[in-house]
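Take a look at the structure below.

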Amino acid sequence: MTLKDATFKGRHFQQDIIIVAVGYYFRFSLSYRDIVELLRDRGVSVHHTTVMRWVHHYGPIFKALWRQHQTSHTKSWRIDETYINVKGHWTYLYRAIDSNGLTLDFELRKHRDYAAAYHFLKRLLTTNGRPDRLVTDQYRATLKAVKHLMKQDYLSKSAHQCSKYRNNLIEQDHRFIKRHRVRSASFQSIRTASATLSGIEVIHALRKKTRRELSLIGFSAVDELKAMVPA
């Protein structure tokens, strides 16, 4: 059984309909009911809770597919975290981009502490290799994680920099995630928040890559997601 079969097998709706629904939700600041209205105009009747289940199910799947399709990036990275409200509590979305603004990785964590920073940074370095420059803020837990990774030889001492000015690039990049949540319903659990943000981050990453390559066709969230699904 291929990943395509495992992903869409047994679904009541066709693959194209599901991808359109989740693609629009991940790309634009829409509610589940907005998606229902858009699909109704296309002659498709679906309940908003069904769209919600699709979003929660396919967000992590498209994150896994995106990781398989990642291309080359620069060796100068920016690392930072931003606040995400989950059922009245602050959680922390750790994010990494390169000097061109292209997304390297992301992960939602319950706490902003040493364990969260270490786990995120170790996976980032294991997956993408050693950078020539790693720029972070001066948060104590993050610095502790960086020092530990240096001792484990994941990162050279000369590569790490603390620079508020250099980290402006990722601070600006956080805005897409914040803006996307303005109209959408608030998250009710860390699981559903992580699943939804996975899809939003993937679409954001793909859009930045398309803009960087100056595509003449333009960006389509639906086409990009379709292209990632194995034939």
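Strand β1 covers residues 76–86. Nine of its eleven residues are buried, so the rest of the structure largely encloses β1. Buried means under 20% relative accessible area, exposed over 50%, and partly exposed in between, with a 1.4 Å probe and protein chains only. Strands are DSSP runs of E with at least two residues; helices are runs of H or I with at least four; both are numbered from the N terminus.

This is a predicted model: local features need pLDDT of at least 70, side-chain atom pairs count only at pLDDT 80 or more, and totals for chains, interfaces and linings use all residues. Residues are numbered from 1 along each chain as its sequence is written, and side-chain values use heavy atoms, leaving out hydrogens and water.

Now look at the partners of β1. Two strands pair if DSSP finds at least two bridges between them. Strand β2 (residues 89–98) pairs with β1 in the antiparallel sense, over ten bridges. Here isoleucine 79 has alanine 96 of β2 as its bridge partner. Strand β4 (residues 133–136) runs parallel to β1, and three bridges join them.

Next, the turn. β1 and β2 form a hairpin with two residues between the strands. Lysine 87 lies in this loop. Its phi is positive, about 50°, although lysine 87 is not a glycine. Lysine 87 is exposed, at 56% relative accessible area.

Aspartate 153 sits in another loop, between α6 (140–151) and β5 (160–162). Aspartate 153 is not a glycine, yet has a positive phi of about 65°. With 56% relative accessibility, aspartate 153 counts as exposed.
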